[in-house]
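Colleague: Let's go through this model together. Keep it quick.

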Amino acid sequence: MAKYKFNAIYTRIVTAASAVESGLYCSAKYEPVPEQFPALYVEEVSSVRTPGAITLDYTDEQHRVVHEVQVWSNLLDGAKAQSDAIMDAVETAYNAMYFRLTMKDPMPTTDRSIYRLVARFTKQIAGGDTLPEGD
């Protein structure tokens, strides 16, 4: 299996998103309401072995990972545009690592002045994969 490191992927995503929005608050820990805005949340929500991809001798340890990304904005005018720009940068960074967007929807919040965009990215990881390595 590839030397899969969530932190290395998280760093790439945060770097790409921060290039679009310099004051972006980033976290890998879910917060019902972020400490500041705009905000980015990235977390691995699933990592499972895929039965159809296992060899008879179990030497190829493939698994499917799913990352969830949430972008929050509280701009009075332009919250959706700001969130879309950040999410576009996130999607481009994930695409470069061969993750695929499997869901992207605005989600309601308890505070109607906050716009929240949620996306999920999925990838099948196997032995010859070339994911970023790091801490």
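**Rings, charges and core**

Colleague: Is Tyr 41 buried or exposed?

Modeller: Tyr 41 counts as buried, because its relative accessibility is 5%. Buried means under 20% relative accessible area, exposed over 50%, and partly exposed in between, with a 1.4 Å probe and protein chains only.

Colleague: What sort of model is this, and how is it numbered?

Modeller: The model is predicted: local features need pLDDT of at least 70, side-chain atom pairs count only at pLDDT 80 or more, and totals for chains, interfaces and linings use all residues. Residues are numbered from 1 along each chain as its sequence is written, and side-chain values use heavy atoms, leaving out hydrogens and water.

Colleague: And Tyr 30, what does it count as?

Modeller: Partly exposed, since Tyr 30 has 39% relative accessibility.

Colleague: How many aromatic pairs does the structure hold?

Modeller: Four. Rings of Phe, Tyr and Trp (its six-membered ring) pair if their centres lie within 6.5 Å; planes under 30 degrees apart are stacked, over 60 edge-to-face, and the rest tilted. Tyr 30 and Tyr 41 make an edge-to-face pair, 5.3 Å centre to centre with 75 degrees between the planes. Tyr 30 sits in the loop between strand S1 (25-27) and strand S2 (39-49), and Tyr 41 in S2, so the pair links distant parts of the chain, eleven residues apart. Helices (H or I, at least four residues) and strands (E, at least two) are DSSP runs, numbered from the N terminus.

Colleague: How do Tyr 94 and Phe 121 pair?

Modeller: They are stacked, at 4.3 Å centre to centre and 15 degrees between the planes. Tyr 94 is in helix H2 (residues 79-96) and Phe 121 in strand S5 (residues 115-125), so this pair ties together parts 27 residues apart in sequence. Tyr 94 and Phe 121 are buried. Ring pairs also bring in Phe 99, giving a cluster of Tyr 94, Phe 99 and Phe 121.

Colleague: Which residue is the bridge partner of Leu 101 in S5?

Modeller: Phe 121. Strand S4 (residues 100-107) and S5 run antiparallel, joined by seven bridges. S3 and S5 are antiparallel as well, with eleven bridges. Two strands pair if DSSP finds at least two bridges between them.

Colleague: Why call S5 largely enclosed by the rest of the structure?

Modeller: Because nine of its eleven residues are buried.

Colleague: Switching to charges. Which residue forms a salt bridge with Glu 68?

Modeller: Arg 120, with the closest N and O atoms 2.7 Å apart. Arg 120 is in S5 and Glu 68 in S3, so the contact ties together parts 52 residues apart in sequence. The two also stand opposite each other across the strands. A salt bridge needs a side-chain nitrogen of Lys or Arg within 4 Å of a carboxyl oxygen of Asp or Glu.

Colleague: Is Glu 68 buried or exposed?

Modeller: Buried, because its relative accessibility is 10%. Arg 120 is partly exposed at 31%.

Colleague: What else is there in salt bridges?

Modeller: Lys 80 with Asp 84, where the closest N and O atoms are 2.7 Å apart. Both are in H2, four residues apart, so about one helical turn separates them. Lys 80 is partly exposed at 48%, and Asp 84 is partly exposed at 22%.

Colleague: Now the core. Which residues touch the most other members?

Modeller: Ile 13, Leu 40, Val 69, Val 90 and Tyr 94, in a largest nonpolar core of 27 residues. H1, S2, S3, H2 and S5 each supply at least two residues of this core. A nonpolar core is a set of buried Ala, Val, Leu, Ile, Met, Phe, Trp, Tyr and Cys residues joined through side-chain atoms within 4.5 Å. In soluble globular proteins, nonpolar side chains tend to be buried together.

Colleague: What does Ile 13 touch?

Modeller: Leu 40, Val 42, Val 90, Ala 93, Tyr 94 and Met 97, not counting residues up to four places away in sequence. Contact means heavy atoms within 4.5 Å.

Colleague: What do the buried residues of H1 pack against?

Modeller: S1, S2, strand S3 (63-73) and H2. Among those buried residues are Phe 6, Ile 9, Tyr 10 and Val 14.

Colleague: Last one. Where does Pro 38 lie?

Modeller: In the loop between S1 and S2. Pro 38 counts as buried, because its relative accessibility is 9%. Its C-alpha atom is 5.5 Å from that of Trp 72, 34 residues apart along the chain. Leaving aside neighbours within four places in sequence, the contacts of Pro 38 include Glu 21, Tyr 25, Trp 72 and Ile 86.
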